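This report describes one protein chain for a reader who is new to structures. Please look at the sequence and the model before reading on.

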Amino acid sequence: MLRRPLLMVRWRRALGASIVRLSTASVAFSTPPPVPAVTYDPAPTTIVASVHEFLGEGADADPGPRIDVYGDGRIAVHRPHYMTRPGDWTDRLRPSDLETLLGSLVADGLLDLDGPRMRERVLQAARARRAAARRGENTLFEASDPGTTELTLRANGRENVIHWTGLRADAWAHPGIPEIQRLNRARARLSALADRPSLRRTP
């Protein structure tokens with residue numbers, strides 16, 4: 001008479017252990033990878049990350065939209081007169097948010113991007129697409145983006161400054177070139193700081 005309850009106890013223990021293992025595995029799969037640790041100069045005068053866009057056609061004396069992030073977490077945003085909410089704005093990131101921002105840019109390889117190599121890859125891909133279009137193998141679509149984007153990152157004792165003309169168009173035209181996608185993601189990540197609702201006008 002004791003065998004049946006004993007088997008049920010063993011079965012319940014085994015089932016419980018399986019549930020624990022399954023739950024642990026689910027957590028492991030659903031947890032995003034941690035942002036790597038990053039070092040940077042915390043001085044309030046040091047720009048640790050920035051994006052500056054110089055417009056091509058139709059540009060005027062205004063230097064164009066710019067977002068600078070300083071080592072103490074301060075954000076300086078400039079919007080040209082032709083944008084909504086034009087003028088100079090400011091905000092401040094918490095230290096943890098600044099580390100997350102810089103860590104995400106480092107993790108995405110912004111410090112390792114090589115401008116000349118990227119341009120060569122884009123030129124090769126563009127030539128291949130045009131050749132395929134001439135053979136009738138695909139339809140050629142080309143976007144025009146005369147603006148130049150300047151991206152800067154200073155972290156982990158390194159600095160990388162990249163100038164790229166037509167970044168949005170190249171990112172659209174070459175989804176298979178990961179370096180261009182990384183550069184465009186960095187542009188979008190930094191540009192998003194200009195949309196923070198906590199921004200206030202610079203005195």
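## Strands and their pairing

Thr148 stands opposite Thr165 in S6. The model is predicted, so local features need pLDDT of at least 70 and side-chain atom pairs count only at pLDDT 80 or more, while totals for chains, interfaces and linings use all residues. Residues are numbered from 1 along each chain as its sequence is written, and side-chain values use heavy atoms, with hydrogens and water left out.

The chain has five helices and seven strands; these are DSSP runs numbered from the N terminus, a helix being H or I with at least four residues and a strand being E with at least two. Along the sequence they follow the pattern α-β-β-β-β-α-α-β-β-α-α-β. An open sheet of seven strands has the order S6-S5-S1-S2-S3-S4-S7, with antiparallel pairing. Two strands pair if DSSP finds at least two bridges between them. Strand S6 (158–165) and strand S7 (200–201) are the edge strands, each of which pairs on one side only.

Strand S5 (residues 148–155) is joined to S6 by eight bridges, and the two run antiparallel. In S6, Val161 is the residue that Thr152 stands opposite. The hairpin of S5 and S6 has two residues between the strands, and in this hairpin Asn156 takes a positive phi near 55°. S5 also pairs with S1 in the antiparallel sense, over six bridges. There, Glu150 in S5 is the bridge partner of His52.

Seven of the eight residues of S5 are buried, so this strand is largely enclosed by the rest of the structure. Buried means under 20% relative accessible area, exposed means over 50%, and partly exposed lies in between, with a 1.4 Å probe and protein chains only.

Helix H5 (residues 178–191) lies across strand S1 (47–54), strand S2 (66–70), S5 and S6, and it runs at about 100° to S1. The angle is between N-to-C directions, on a scale from 0 to 180 degrees, of axes fitted to C-alpha atoms, for helices over the stretch in contact. Leu183 is in helix H5. C-alpha to C-alpha, Leu183 and Gly109 are 8.7 Å apart in space, though 74 residues apart in sequence.

The largest nonpolar core has 35 residues, and Leu183 and Leu193 are among those that touch the most other members. Helix H2 (residues 95–107) gives the most to this core, with five residues. Such a core is a set of buried Ala, Val, Leu, Ile, Met, Phe, Trp, Tyr and Cys residues joined through side-chain atoms within 4.5 Å.

Thr90 is in strand S4 (residues 87–92). Its side chain reaches the backbone oxygen of Ile75 at 2.9 Å.

| Residue | Relative accessibility | State |
|---|---|---|
| Thr90 | 11% | buried |
| Leu183 | 1% | buried |

Contact means heavy atoms within 4.5 Å. Leaving aside neighbours within four places in sequence, the contacts of Thr90 include Arg74, Ile75 and Ser198. On the same terms, Leu183 is in contact with residues including Leu110, Met118, Leu151 and Trp164.

## The chain as a whole

How much of the chain is buried? Buried residues make up 37% of the 203 residues. Among contacts between residues at least 6 apart in sequence, 58% join residues at least 24 apart.

Key. Polar contact = N/O pair within 3.5 Å; in protein donor to acceptor, adjacent residues only side chain to side chain.
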